[in-house]
Amino acid sequence: MTNNLSNTIHAWCSKNLNEETIRELDHDPARVIKLYRDFTGNGWLESVNIFENPNTFRDLIEIGKILSGYSSAISNVIGVNCVCAMLLTTFGTDSQKEIGRKVLKGDILTCFSLTEPDAGSDIGNLQTTATLEGDHWVLQGKKYLATGAAVADYILVVVRTNPDKPLNKGISLFLVPGNVHGIKLSPQQKIATNSFASCEITFDSVRLPQEMVIGGQDFGWGVITFAGAVERLMVAASCVGLSRRILEYLYEYTQHRMIQGQPLYDIQLINHQLADMAIKIKAADLLLGNAMELLTSGATPTVEICGAKVFASEMQQEISMAAMKIIGGRGYLKEYPVERWMREGLLSLYAGGTNELQKNIIARNMQKDYASKTKERNS
Ligand SMILES: Cc1cc2nc3c(=O)[nH]c(=O)nc-3n(C[C@H](O)[C@H](O)[C@H](O)COP(=O)(O)OP(=O)(O)OC[C@H]3O[C@@H](n4cnc5c(N)ncnc54)[C@H](O)[C@@H]3O)c2cc1C
């Protein structure tokens, strides 16, 4: 992303997302969508397409970092819709690609639904099915924590299309209209960002024409692998952006808060904590940048992507907890932003899969890697 565009987006955020608006956004879904349409109306997301823009991931990550420093509701709505638009423009048919382009213009809203009540980390236990009846698919089952479903025109839903095959050969992604007959959406109360609701979804014999499959029947594994990679990068970006904002706030705060006649910042314990934060934020940003560059080059940097997500989200938790302590009892008050940052930042522990899941993936890859190196050395 050019510095120019980055400055323009910062300027949009400063104009539209002051502290009061950000607080109100927590309870105002209509305003979140209005702001999403205003943001996308500027055309800033239209290049989110890996076939048309070689810098897609770089741009997406920069946008994620900037927005997360202001409002998690806005960064969530943009992140979710960008991931869905990318799936549609990368794997979709011509008419699905067109829907993806409309998402990036703000004309259509989407969301992604993989998780089920009994299939979160244990994705192998996915129960929602689609069965072919004549020329229609019939969807049956229940999803969970689908963020953005309450306002989505289309929900991208992962289901089993071939229960006899292993997951990587028997699931498909469907484009499901949000108002289709047989669907029931129930928003779930969260500790933050309720203006962009996560929903339980029930599919009771939902009938869909065959052309609603994205990326081909039984090809869902490839699609969710790609979605997971992009989502993890976006999560790491949001952690870097939010942590930078917290550090900036703490720097200002500790300059002015006087303790025993001196600014809080002048106490070495405090300024060292801030120095540690700066080092860790830089490290997280470098890990993220490295993973993103590898992905852009066409590699499959699974370990780097999972590692960047783990490091950034754990760093982000550390920083918001340290901020709660550094500003003292004010951290507990709603009139200060730190408690909101702490609540909102917790999402990074789950989004894109928990950190335990990431470490399982990293451990499996290391095992393969070391096994093949050992074999090479011994041959
Ligand atoms: C606010 C929010 C928004 C979300 N939005 C979406 C969305 O838009 N779309 C969507 O599809 N999903 C969404 N999710 C779901 C999210 O991806 C899941 O919460 C996450 O994958 C974890 O699944 P789970 O909640 O079922 O936890 P569980 O799978 O029940 O895990 C419970 C605990 O066990 C640990 N664990 C489980 N298995 C293992 C193992 N093999 N080894 C080590 N530890 C293990 C986990 O790490 C965790 O600590 C959202 C979640 C939240 C909180």
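Two residues are in contact here if their C-beta atoms, placed from the backbone, lie within 7 Å. This is a predicted model, in which local features need pLDDT of at least 70 and side-chain atom pairs count only at pLDDT 80 or more, while totals for chains, interfaces and linings use all residues. Residues are numbered from 1 along each chain as its sequence is written.

**View 1. Where domain 1 meets domain 3.** An automatic or database domain assignment divides the protein into domain 1 (3-108), domain 2 (112-218) and domain 3 (222-371). Here, 20 residues of domain 1 are in contact with 20 residues of domain 3. On the domain 1 side, helix 4 (56-68) and helix 5 (72-91) each give two or more residues, with helices being DSSP runs of H or I of at least four residues and strands runs of E of at least two, numbered from the N terminus. Helix 4 brings the largest share, 9 residues.

**View 2. The shell around the ligand.** Take a look at the 21 residues surrounding the ligand, the closest being Gly-120, Ser-121, Thr-147, Thr-354 and Glu-356; a residue counts if its C-beta atom, placed from the backbone, lies within 6 Å. Strand 1 (110-113), strand 3 (136-147) and helix 12 (355-378) each supply two or more of them. Domain 2 and domain 3 each contribute at least three residues.

**View 3. Around Phe-174.** Setting aside residues up to four places away in sequence, Phe-174 touches Ala-130, Leu-139, Val-157, Val-159, Leu-208, Met-212, Val-213 and Ile-214.
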